[in-house]
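Please read them with the structure open.

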Amino acid sequence: MSRHQPHSDAASGPVTTEDPQAPFLELLARGASADAYEQPVLLARAEGTTPERIAALEAAKVLALRVRAEMEGRRRREAELSALFETAHDLAGLRDLDAVLHAIVQRARSLLGTDVAYLTLNDPVRGDTYMRVTEGSVAARFQQLRLGMGEGLGGLVAQTARPYVTDNYGHDVRFQHTRTIDAGVGDEGLVAILGVPLMLGAQVIGVLFASDRRARVFEREEIALLGSFAALAAAAIDTANLLTETRQALNELERANEIIRDRSGVIERASDVHDRLAELVLRGGGVHDVAAAVSEVLDGTVEFTDAEEAPGHAIEASRADGHAVRHRDDWVAAVAAGGELLGALVLRGHPGLDPVDQRTLERAAMVTSLLLLARRSAAEAEQRVRGELLDDLLDGRDRDPRLLRERAERLHADLDATHVVLAARLESTGDAEQEAAARRRLWSAANHLAATRHGLAAARDGGTVLLLPAHTTAASELASHVAGRLSEAIHESVTVGASAPVEGLAGWTERAAAAYVEAQRCLDALRLLGRSGQGAAAEDFGFLGLLLADSRDVGGFVARTIGEVITYDERRGTDLLRTLDAYFASGMSPARTKDALHVHVNTVAQRLERVGRLLGEDWQTPERALEIQLALRLHRLAAPDIA
């Protein structure tokens with residue numbers, strides 16, 4: 001009986017033919033909790049279902065939980081970006097500083113899922129930092145805390161301008177504990193605390209916190225998210241201060257109507273650019289849209305440039321000071337986030353710039369950094385999805401072809417098309433830190449290449465593996481092209497080995513694994529032959545390719561090596577093949593060859609000259625001669641089958 005046919009057996013219990021994925025799809029559809037996914041398996045065990053059925057349910061459960069986790073991750077990232085955009089919109093229409101700060105703290109607490117979130121501001125007169133806004137706090141003493149510079153986690157953040165995190169504050173000896181601070185933290189019951197600085201340029205104006213009443217490890221993404229909220233909070237405070245300064249200036253200049261009109265025009269331009277930037281953020285504009293909007297407001301040409309293309313001294317000064325810096329007739333505002341330099345906004349040919357317009361350029365740089373971070377987050381999520389799909393194909397485990405095709409289609413890839421597997425690796429730089437950075441750049445460049453060519457990429461075995469559509473391009477040409485593109489992109493030598501083209505990857509995942517092994521063999525052969533930095537497939541290695549290839553393409557090797565001679569003999573009825581056989585059998589001596597063939601030596605010379613024109617002038621070099629002799633023997637062995 002086929003194992004796929006339902007049957008009844010007293011020992012094995014009742015059997016159902018229901019699709020094992022059906023109950024889990026229903027759980028996904030109604031957004032059930034992770035614990036609920038155990039119920040179909042437990043119910044099947046209780047009913048005495050067959051082991052095969054239980055195994056199928058287990059496999060479907062694992063896949064469903066993975067899909068649920070991916071959906072949860074996407075919802076979380078969407079919520080984070082939405083909150084950042086909403087907060088940026090609040091900042092653009094700032095009227096009440098307290099309301100904006102409360103909104104920032106509330107959203108930070110909600111997105112990070114912490115028990116408490118709070119914000120402190122520095123007091124330059126008393127030289128300490130004090131509680132400004134709290135959310136989720138229940139202890140009065142905690143809400144009234146003041147921390148001296150260097151005291152506790154918050155005081156250390158305010159003093160060093162660096163984020164700090166602890167999973168158990170009470171037992172962490174890195175911070176200077178005081179009786180007052182420990183008592184307040186104890187009243188609140190806080191255990192895990194994360195604090196990031198509020199920065200205006202190089203100056204710390206306060207600290208934004210997220211904390212839990214239990215031990216917890218804050219992930220890097222959570223630290224970066226809280227840092228983004230801290231940047232918005234600092235900008236809100238700075239904008240409020242700017243508005244206060246502007247109002248004071250207007251009050252002081254009431255008697256000078258002309259100055260008032262000028263000042264009003266400046267304020268209108270600042271308000272206009274704030275509204276435009278908020279609108280750009282909300283409708284998903286890009287960095288070049290921001291530059292175009294600021295160009296109109298400042299009546300100049302604003303461009304976004306990569307960090308490498310901006311004036312080095314000016315961009316570093318702007319990054320350190322947090323303000324736009326004049327460079328000859330231009331102004332440069334660094335675009336940075338979390339200490340990372342992402343680029344710069346450059347205002348061209350505009351040496352005269354008033355403080356408000358300068359601040360407008362700086363605000364535009366901050367919005368640009370948020371847009372770049374959002375784009376990076378989306379790109380990294382897509383890269384992970386591409387890598388996971390390729391890992392599943394290479395692992396060769398049994399997969400549902402329909403699900404594989406659906407996952408590929410969402411990435412604009414077609415697993416039913418002909419593909420080539422390519423293994424790419426860097427040559428060791430000697431320095432472990434530099435090599436790790438180079439590998440990350442290689443993985444990023446490979447993912448970009450895969451996305452543009454509707455393929456897949458993943459980091460694997462200390463290198464990077466790509467799955468690219470072959471279309472009409474030969475595997476060897478594709479390998480050479482990829483090696484050149486990756487080497488140029490990361491400014492390092494990248495070696496690439498390619499498999500022969502493979503088809504039907506969705507239905508036959510083991511083909512991808514076999515192709516990857518072949519690509520690795522070609523990669524290793526390139527490095528052993530001293531051809532690092534190049535790309536090649538098995539067909540590029542002559543007779544060595546027969547050993548490297550997953551399948552022995554003898555006919556292809558013979559055709560590539562002596563195919564021109566075979567075709568010539570067939571079309572003209574000549575004996576060039578027999579002459580070659582006799583020539584090599586006679587130790588490459590024309591005199592002995594003419595005796596073996598019973599022809600004149602001039603006839604031998606003419607035939608060998610014709611062979612040289614067909615195979616190339618280097619056909620008698622040791623390496624080519626060895627390949628030609630092997631091809632002759634393989635052709636002779638295959639002749640009966642051909643006949």
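1. Basis. This is a predicted model, in which local features need pLDDT of at least 70 and side-chain atom pairs count only at pLDDT 80 or more, while totals for chains, interfaces and linings use all residues. Residues are numbered from 1 along each chain as its sequence is written, and side-chain values use heavy atoms, with hydrogens and water left out.

2. Positive phi in loops. Most residues other than glycine have a negative phi. R328 has a phi near 60° and sits in the loop between β8 (325-327) and β9 (330-337); strands are DSSP runs of E, at least two residues, and helices are runs of H or I, at least four, numbered from the N terminus. R328 is exposed, with a relative accessible area of 71%. H454 also has a positive phi, of about 60°, in the loop between α14 (432-452) and β12 (456-460). H454 is partly exposed at 43%. Buried means under 20% relative accessible area, exposed over 50% and partly exposed in between, using a 1.4 Å probe and protein chains only.

3. β12 pairs with β13 (residues 463-469) in the antiparallel sense over 5 bridges; pairing requires at least two DSSP bridges between two strands. L456 has L467 of β13 as its bridge partner. The hairpin has 2 residues between its strands, and D461 takes a positive phi near 55° there.

4. Helix α15. The 16 residues of α15 (475-490) should span 22 Å, and the end C-alpha atoms are 23 Å apart, which agrees; the expected span is 1.5 Å times one less than the number of residues. Buried residues of α15 include L478, V482, L486 and I490. The buried residues fall within an arc of 160° seen down the axis, so they line one face of α15; the arc is taken from the directions from the helix axis to the C-beta atoms. E477 and E488 are exposed on the face turned away from the buried side. Among the elements covering the buried residues are β11 (419-426), α14 and β13. H491 follows α15 and has a positive phi, near 55°.

5. Helices α19 and α21. The axes of α19 (residues 576-585) and α21 (residues 601-615) come within 10 Å and cross at roughly 105°. That makes α19 roughly perpendicular to α21, a term for angles of 65 to 115 degrees. Axes are lines fitted to C-alpha atoms over the stretch in contact, with angles from 0 to 180 degrees between N-to-C directions. L576, T579, L580 and Y583 in α19 meet residues of α21 including L608, V611 and L614; contact means heavy atoms within 4.5 Å.

Methods. Angles under 35 degrees count as roughly parallel, over 145 as roughly antiparallel, 65 to 115 as roughly perpendicular and the rest as oblique.
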